[in-house]
Amino acid sequence: MPKGIVAEDEDLLRDELLSLLAKAWPELEIVAICEDGGTALEAIEDHKPDVAFLDIRMPGLTGLEVAAAAVSASPGTKVVFVTAYNQYAIDAFDRGAVDYLLKPIAPDRLDATIGRLKARIASGDGDTNELASILDQLRAKLPATPKAAPLVWITASAGKETRLILVEDVAYFQADNKYTVVMTKEGEGLVRTPIRELLDALDPAVFKQIHRSTIVNMKAIASIARDESGRGTIRLRHRPETLPVSLTFMPLFKNM
C-alpha cells in the first residue's frame with residue numbers, strides 16, 4: 001500500500017482533505033497527520049512516505065521549507081502543495097516535479113492529481129534537482145503575508161508566582177502536554193499555550209525549532225556538537241542542560 005502524510009494547520013481543511021482522500025484513494029495509508037511544518041518534516045524522515053500533501057503556509061517551517069529538506073530526508077517522496085495562491089504557482093507546478101491542490105479542494109482536481117501520483121510512484125519518476133529549482137521559483141514568487149509583530153513579553157506561572165518574561169531572555173521552549181515550559185537562565189515557567197501556536201508568534205529569525213517538542217533561541221546557543229549519525233547536541237550559554245537536535249533540523253546549523 002502506498003503511504004502518505006497530510007500537513008495542514010487548519011482543522012476544517014485538514015479534515016476535508018482526509019475525507020476526500022479516503023474516497024478517492026482508499027488504498028493510500030495515511031501514516032501521519034501534522035499541524036505544523038516541523039512535525040511534518042519529522043514524519044517524512046520517520047516514515048519515508050510515497051507522497052506528502054503540504055500546506056504552503058504552516059506554523060514554524062513552511063511547506064516549501066519542508067519540501068526542500070525532504071529532498072535529502074526522503075528523496076522518493078512526491079510532494080503535493082495545498083495552496084490558496086494559484087496565480088504565482090501555475091508555471092512552476094506545470095513543469096511536473098510537484099503538483100498542487102487549490103483551496104477549496106475540488107474533487108475532480110484531486111482525482112487528476114492522484115492519477116499523476118500513481119503513475120509517478122509506479123515508474124519511480126522523480127528529479128530532486130528539478131524539485132529544488134521549482135522550490136526556488138516558488139519562494140521568489142510567494143506573496144508576502146501580513147503578520148503580527150513577534151511576541152515581546154510572555155506571562156508564565158512559576159509555582160505560586162506569575163512571571164512577566166521578556167521573550168529575548170528565553171533560552172528555549174519545550175512542549176509539556178498541552179502547555180509549554182519556558183526556560184530562562186533564572187529558571188523555568190509554564191505557559192498555557194501549545195508549542196505549535198508559539199511557533200507562529202515568535203520571531204523566526206531568532207527562534208528555531210530543533211525537535212518536534214523544542215524551540216531554541218539562537219542567541220542562547222554556545223556551541224553545537226555533531227555525532228557520527230549527523231544528529232546534534234546544543235550547549236547553552238546560561239543553562240547547564242544540553243538540547244538534542246534531531247537529524248531533520250540539523251541543516252539549520254550547517255554554517256555553525
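In β5, Leu 102 is the bridge partner of Thr 83. Strands β4 (residues 78–83) and β5 run parallel and are joined by 4 bridges. Strands are DSSP runs of E with at least two residues, helices are runs of H or I with at least four residues, and both are numbered from the N terminus. The structure is a predicted model, in which local features need pLDDT of at least 70 and side-chain atom pairs count only at pLDDT 80 or more, whereas totals for chains, interfaces and linings use all residues. Residues are numbered from 1 along each chain as its sequence is written, and side-chain values use heavy atoms, with hydrogens and water left out.

**The sheet**

The pairing of β4 with β5 belongs to an open sheet of 5 strands, in the order β2-β1-β3-β4-β5, with parallel pairing. Two strands count as paired if DSSP finds at least two bridges between them. β2 and β5 each have a single partner strand and stand at the edges, so one side of each is left without a neighbour in the sheet. On average, neighbouring strands of this sheet are turned by 20° against each other, direction ignored. Axes are lines fitted to C-alpha atoms, for helices over the stretch in contact, and angles between N-to-C directions run from 0 to 180 degrees.

**Helix α2 and its neighbours**

Helix α2 lies across β1 (3–7), β2 and β3 (51–55), and runs at about 150° to β2. Two packed helices are described by the angle between their axes and the distance between the axes. For α2 and helix α3 (residues 63–73), the angle is about 20° and the axes are 10 Å apart. α2 is therefore roughly parallel to α3, a term for angles under 35 degrees. The crossing of α2 and α3 is right-handed, meaning that the near helix is turned clockwise from the far one by less than a right angle. In this packing, Gly 37, Ala 40, Leu 41, Ile 44 and Glu 45 of α2 meet Val 66, Ala 69, Ala 70 and Ala 73 of α3, where contact means heavy atoms within 4.5 Å.

**Salt bridges**

Side chains of opposite charge can pair when their charged atoms come close. A salt bridge is a side-chain nitrogen of Lys or Arg within 4 Å of a carboxyl oxygen of Asp or Glu, and the count by this rule is 11. Three of these pairs are listed below.

| Pair | Closest N to O distance |
|---|---|
| Glu 27 and Lys 118 | 3.2 Å |
| Arg 116 and Asp 99 | 2.8 Å |

The salt bridge between Glu 27 and Lys 118 links the loop between α1 (11–24) and β2 (29–34) to helix α5 (residues 107–123), across 91 residues. Glu 27 is partly exposed at 32% relative accessibility, and Lys 118 is partly exposed at 37%. Buried means under 20% relative accessible area, exposed over 50%, and partly exposed in between, with a 1.4 Å probe and protein chains only.

Arg 212 lies in the loop between β11 (207–211) and β12 (214–217) and Glu 42 in α2 (residues 37–47), so the pair ties together parts 170 residues apart in sequence. Arg 212 is partly exposed at 40%, whereas Glu 42 is buried at 3%.

The salt bridge of Arg 116 with Asp 99 links helix α5 to strand β5 (residues 99–102), across 17 residues. Arg 116 is partly exposed at 38%, and Asp 99 is buried at 7%.

Key
Parallel < 35°, antiparallel > 145°, perpendicular 65-115°, else oblique.
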